[in-house]
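Subject: Structure handover

Hello,

Please find below the structure I am passing on to you. My notes follow it.

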Amino acid sequence: MAKADFEVPELQEHVDVPALEEGTMAHLKPFVVKNPDHNTDLGFPGELVEDWHDKTLEKLDDLRHRYRSLQVYLDACVKCGSCTDKCHYYLGTKDPKNMPVGRQDLLRKVYRRYFTFAGKFFPKLVGAEDLTRETLDDWYSYYHQCSQCRRCSVFCPYGIDTAEISMAAREILDSIGYGQKYCNEIIAKVHKVGNNLGLPGPAILDTVQGLEEDVFDETGVEVKYPLDVKGADILLVTPSADFFAEPHVDGLIGYGKVFHEAGVSWTLSTTASEAGNFGMFIGSYENMRRVSMRIRKAALELGVKRIVFGECGHAWRVAYAFLNTLAGPFDFLDPNYPVPQHICEFTDDLIKKGKLNFDKSQNDDMTITFHDSCNVARATRMGDKPGGQFEIPRNVIKSVCNNYVDMDHNTIGERTFCCGGGGGLLTDDLMEIRVKGALPRMTALQNAIDEHGVTHVAAICAICKSQFTKVMPYYGLDMDQIVSVHQLVSNAIVLTGQKTEGAGEAAEAAG
Amino acid sequence: MSTLYALLFIVATLVLVIGLALKIKQYAQTPAPLKIPTTPAPITEAGVVMRLFREVVFFESLFKSTKWTWIFSWMFHMALFAVLLRHLRYFIDDVWLPIELIQPFGKYAGFAMVAGLGGLFLRRIFVDRVRYISAPSDYLWLIILIVIGMSGLMMSFVAHTDIVMVKQFFTGVYTFSWGELPVNFPLIVHLLLVALLMILFPFSKLLHVPGIFFSPSRNQVDNPREKRHLAPWAKALEEQE
C-alpha cells in the first residue's frame, strides 16, 4: 500500500452515506499560482488584486448575465437534499461543503447577499452572507475539490450542475488573481508549446518513431505513427499523456494499428498535440476557445478531412459538446463524418463492418470491467443514439476480450462515479482529496474483483488512467490494473501480414 | 378589513405576475453559451419536451435519487395542483366541468398535501445533511404551506366558512367592487398566508417553478456536432478578431 499522511478510507462492502463532519477538508488547498506569468498569459491579473471585494462581485454579476445556467442554478435550488449523498468527495470525506449543494451554497450565499432582495434585507433568514477574505479561501479550497463530474446534476430535480458553479467560482477567482497553479501553468504551456506536458515537437517525433520500431519488432508490420503530415485524411488529437505514460501509450499504439488496418492516412500534429482543454476546468470561455482554435488551425494547415479524438474524458466533452461552438464551423471537413469523431466510434464502426480481425484469446489473461469516465458519460454522446457513450466502448471491449463484466449498476452509466482526479485536481498537492474521492469507484471495483474475478479496469480517459495508476495502490490494488481500451484492441488485433509467433504479448499490460 | 384584504390581493397579484414576468424575461434573455445537457439527453426537440414533461409531472430525477423525498414532494405538489384546480371555482362564475368533477378529489387532496409537507419537514429536521443545508426560510416555507393547508382543511371539514360570500368578494375584486369577507379565523389566516406566498414567490426559492424550464442541463437538445450553437456574446467575441 502507498503511504499517506492522511487517513485512507477502508474499503467496505458498500459505501454508506456518512454522517457529516464539518471542516474535515478545510485545510486542503492546491498551490496558488506563484509565477505571475501563468496568470497574465491567460489574461488574468498576476496576483490577488487589492480591490478583490468589488472585483469579485463585478465578475459574479458579469457571469450571471452571460451564463443562464449560473443565474437559474443560483435561484432554483430548494435545498431538497437530493444531491447531498451523490458526490464521491462527500462520501469519501464527510465534509458537508463537499455535498453538491453545500459546495454551491458557498457561492449562492454571496449571490443572495448582494444580488437578491431577500438576501439584501433579510440575510439571516435566507442564509445570505457577506463576502470576506475567508469566503474567498473557502471558495479556493472547496471549488478545487470538485471534479466537475456532473453526477449531482443527474439527480437534481432541476438539473442544477455543480460543475457550472465550480467553473464560475474558479473564473471569478482567476479574474481577481487567485488562480490555481496546476491548471493555469498547464494552460500557459498549451498556449506556448501546444500540449499540457510542454513536450516539444522533436520529443513527440522521437516518441512516435520509437513506437513504429516497437510495433514493427512485435508484429513485423510497418505501422506508421505520422506527425505533421500534410494532406493526411485524419487529424488525430489525443491527450499528451498518450506519448509517454503507461497505460496511455499502449492506447496510442492501438489507435495506430486500427488506422493502419482501416487503410486511412492519418497524422498527429505538433501544435495540436493535446486533446485536453483545461480552459474548461477554470470556466474560462476565452481560454477554452484559444486552446480549441489550435485544433482548427492545425486541421486547416494540414489539410485534413476529418478530426478524431483519442481516449480522454473531459477532452471529449470539450470536443463533442463545445468544439463546434468554440472553433467551428467545420465546413471545410468531410461532411460524411461527425466532427469530431471519437476513436471508439471510429473503431466500433470498423468492427461492425467486419473490417478488423481479432484474436480475442490474446486478452484471455484478463477479466475486464469498464469505468465510465464521468464527462464522457454525462456530458457527451457517441454514435447517433443517446447512451451510445456507454454501448460503444463496451462493444469495442467485448469485441476484443472474452472476459468482460460490468461493475455494480449504480456505479456505471449515467450514475458512474468519477475516478476522483478530474476537473483540474490531478496534481500531487491534492492527493488527499483524490484518494478519498476515489472511494466509491474503488469500492465498486473491489466488489467486481471479489465477486467476478475482475483483474483489470479499462478506461477511455487520460485523467482516469493517471489517477487510477496513482490511487489504486492506496487501496491495496496494483497500479497496472488500469488499462486503455485501445490497449486491449492493440493486444487482440491481427494486422494484415502480421507474423504469427509471439504476436501481441497480452501481458504487456503489466509493463 | 375586507378592503384591506382586497388591496392586499391586488398588490399580491401584481407582485406575483410582474415579478415572475421579470424573472422569466431575465432567464429567457440570458444566453446559454455552451451545450450542456446532462446526457444521455434527447437528440430532438420533441424528446426535450418529453424529458421536461417527465421531470415536471413525475419528478424523474428526484425519483432516481431518493424515494422518500420523492414520495413526500410528489405527493405535496400533485395534491397542491389538485387543490389549486379545485379553488378555481371560487374565482370564476361559470365553473368548467373538469373543475366540477375534481371537487371531491380536490377536497381530500388537502390531506395529502399537508402529509407530504409534514414528511418534508421531518426530513429537513432529522436528516443531518438536509438540516445542514437548511436556512430558516426553508423551514418557514414549509410552515407557511402547512398552515395554509391546515386552515383550508379546517374550513372544508371543521368550521365551514360562508363560501358564497368569499366568492362574491373575490369576483368583486375584479371590478373593484368587493363585498364583505366573512369573519372567520381560519379564512383570515388562510388568505393572509396565500397573499404572503404570492408576494414572496418571485424573490424566493419558489423560482424553481420557472427555473426548471430554463435549466440548460434539462432543456437543451443533444446535437452539438450536428448544429453549431453560438451565443450572441460569443459571436461578438469572434468578430473582434
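This is a predicted model: local features need pLDDT of at least 70, side-chain atom pairs count only at pLDDT 80 or more; totals for chains, interfaces and linings use all residues.

Residues are numbered from 1 along each chain as its sequence is written, chains are lettered from A and ligands numbered from 1 in the order in which they are written, and side-chain values use heavy atoms, with hydrogens and water left out.

Chain B

Chain B has 12 helices and zero strands (DSSP runs, H or I of at least four residues for helices and E of at least two for strands, numbered from the N terminus). Its C-alpha trace spans about 70 × 45 × 40 Å along the principal axes.

UniProt, in an unreviewed entry, lists "domain: NarG-like" at residues 67-209 of chain B; positions are given in the numbering used here, feature names are shortened, and annotations may be inferred rather than shown by experiment. In the model, residues 67-209 of chain B are 76% helix and 0% strand, with the end C-alpha atoms 21 Å apart. An unreviewed UniProt entry also places the feature "transmembrane region" at residues 6-24, 68-88, 108-127, 139-161 and 181-203 of chain B. Residues 139-161 of chain B are 87% helix, and their end C-alpha atoms lie 29 Å apart. For residues 181-203 of chain B the helix content is 70%, and the end C-alpha atoms are 29 Å apart.

Domains of chain A

Chain A is assigned domain 1 (37-187) and domain 2 (193-405 + 454-510); such bounds come from an automatic or database domain assignment. The C-alpha centres of domain 1 and domain 2 of chain A are 33 Å apart. In the contact (heavy atoms within 4.5 Å), domain 1 of chain A takes part with 21 residues and domain 2 of chain A with 19.

About 1700 Å² is buried between domain 1 and domain 2 of chain A, with 53% from carbon and sulfur atoms; buried area is the accessible area (1.4 Å probe) that two parts lose on being put together, summed over both. A:Arg150, A:Ile186 and A:Ile187 supply 31% of the area that domain 1 of chain A buries there, more than any other three residues.

One salt bridge is found across this domain interface (a side-chain nitrogen of Lys or Arg within 4 Å of a carboxyl oxygen of Asp or Glu). A salt bridge joins A:Glu286 and A:Arg66, whose closest N and O atoms are 3.2 Å apart.

Contact between the chains

Between the chains, 82 residues of chain A are in contact with 63 residues of chain B. The area buried between chain A and chain B is about 5700 Å², and carbon and sulfur atoms give 56% of it. A:Arg68, A:Arg289 and A:Thr325 lose the most area on the chain A side, together 12% of what that side buries.

Chain A and chain B share six salt bridges. The side chains of A:Asp85 and B:Arg129 form a salt bridge, with an N to O distance of 3.9 Å. Helix H15 (residues 313-327) of chain A gives the largest share of the side that touches chain B, eight residues.

Regards
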